[in-house]
Amino acid sequence: TMNWFYIIYYSTVATSILPFIALALFPKAHKGFSKQVRTALMAYFILSVLHHASQIILLDFLDSNPIPAVHISICLEFYILLYLFHAILPIKHIQVITIAGILPFLADAFWISSLSEYIKVSSIIYFFANACFAFRIIYKIGLKKKESNFVTAFFLYFLVCFVHEAFANLMIVNPLVLDMVFPLFALINAALSVAFMWGIIHSNRSSADKFTKQTLNSAY
């Protein structure tokens with residue numbers, strides 16, 4: 001029988017399709033965003049599904065080590081979000097950051113540990129960087145723009161991820177702590193998908209309101 005761990009995990013995985021459901025219901029929701037922002041958001045949504053799918057396939061069907069896929073997924077996530085944050089608010093020295101961004105992945109994969117071992121340094125650096133870039137946008141443009149709906153969700157999520165990863169060793173050596181933290185972290189992951197769905201719905205509503213105002217103005 002399936003224990004509570006798998007029930008929580010698969011329920012969390014299922015929530016990753018919520019943004020796609022919202023986009024299917026409101027296909028014009030992203031029209032108010034730039035092409036770069038739309039591309040980055042869609043890439044992130046797809047990566048989230050692929051990440052979960054790879055974990056399930058490797059663990060449950062192939063009985064293989066999923067950690068290499070996690071290494072790659074976190075690195076790709078960093079670059080997708082870097083592209084998104086730069087598209088929303090240009091980042092100084094983006095070329096340098098883009099090149100240097102691969103270093104934590106290489107260090108964790110081939111120097112500090114290996115591709116098949118538990119990741120630590122790279123995930124902490126990537127999560128902290130994502131939270132910092134997201135906070136920078138919130139600080140600069142505020143919370144009123146449509147992009148802020150997604151950026152705020154990213155900031156809160158990666159702030160939690162950073163704290164979670166920083167204390168991951170405690171959970172590894174203490175199963176009781178893991179039993180308490182895992183449901184909470186799963187809930188946070190599910191909340192991120194719900195926040196994305198809400199952001200899409202809110203964007204659709206904003207686009208509709210803007211279209212209505214333009215129509216009324218043209219009528220007069």
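# Briefing: an all-helix predicted chain

From the N terminus on, the elements of the chain run α-α-α-α-α-α-α-α-α-α. The secondary structure comes to 10 helices and zero strands, where helices (H or I, at least four residues) and strands (E, at least two) are DSSP runs numbered from the N terminus. Of the 220 residues, 40% count as buried; buried means under 20% relative accessible area, exposed over 50%, and partly exposed in between, with a 1.4 Å probe and protein chains only. This is a predicted model, in which local features need pLDDT of at least 70 and side-chain atom pairs count only at pLDDT 80 or more, while totals for chains, interfaces and linings use all residues. Residues are numbered from 1 along each chain as its sequence is written, and side-chain values use heavy atoms, with hydrogens and water left out.

**Surface patches**

- Patches are made of residues with over 30% relative accessible area and no salt bridge, joining like charges within 9 Å and nonpolar side chains (Val, Leu, Ile, Met, Phe, Trp, Tyr) within 5 Å.
- A salt bridge here is a side-chain nitrogen of Lys or Arg within 4 Å of a carboxyl oxygen of Asp or Glu, and accessible areas come from the Shrake-Rupley method with a 1.4 Å probe, for residues with only the protein chains shown as cover.
- Lys and Arg count as positive and Asp and Glu as negative, with His and the chain ends not counted; the place of a charge is taken as NZ of Lys, CZ of Arg, CG of Asp or CD of Glu.
- A patch of positive charge on the surface gathers Lys28, Lys31, Lys35 and Arg38.
- Arg38 is found in helix 3 (residues 35–61) and counts as partly exposed because its relative accessibility is 30%.
- Trp111, Ile112, Val121 and Ile125 make a nonpolar surface patch of about 420 Å².
- At least two residues of the nonpolar patch come from each of helix 6 (102–112) and helix 7 (121–141).
- Ile112 has its place in helix 6, and its 45% relative accessibility makes this residue partly exposed.

**Buried serines and their polar contacts**

- A polar contact is a pair of N or O atoms within 3.5 Å; within protein, one must be able to donate a hydrogen and the other to accept it, and residues adjacent in sequence count only if both atoms are side-chain atoms.
- Ser16 lies in the loop between helix 1 (4–14) and helix 2 (18–25), and is buried, with a relative accessible area of 6%.
- The Ser16 side chain reaches the backbone oxygen of Val13 at 2.6 Å.
- Ser122 lies in helix 7 and is buried as well, at a relative accessible area of 3%.
- The side chains of Ser122 and Asp108 are joined by a polar contact of 2.7 Å.

**Separations in sequence and space**

- Ser16 and Leu50 are 34 residues apart along the chain, and their C-alpha atoms are separated by 9.8 Å.
- His52, in helix 3, is buried because its relative accessible area is 14%.
- Between His52 and Ala69, 17 residues apart in sequence, the C-alpha to C-alpha distance is 9.9 Å.

**Backbone at His93**

- His93 is found in the loop between helix 4 (67–88) and helix 5 (94–100), and counts as exposed at 60% relative accessibility.
- Phi of His93 is near 55 degrees, a positive value in a residue other than glycine.
- Most residues other than glycine have a negative phi.
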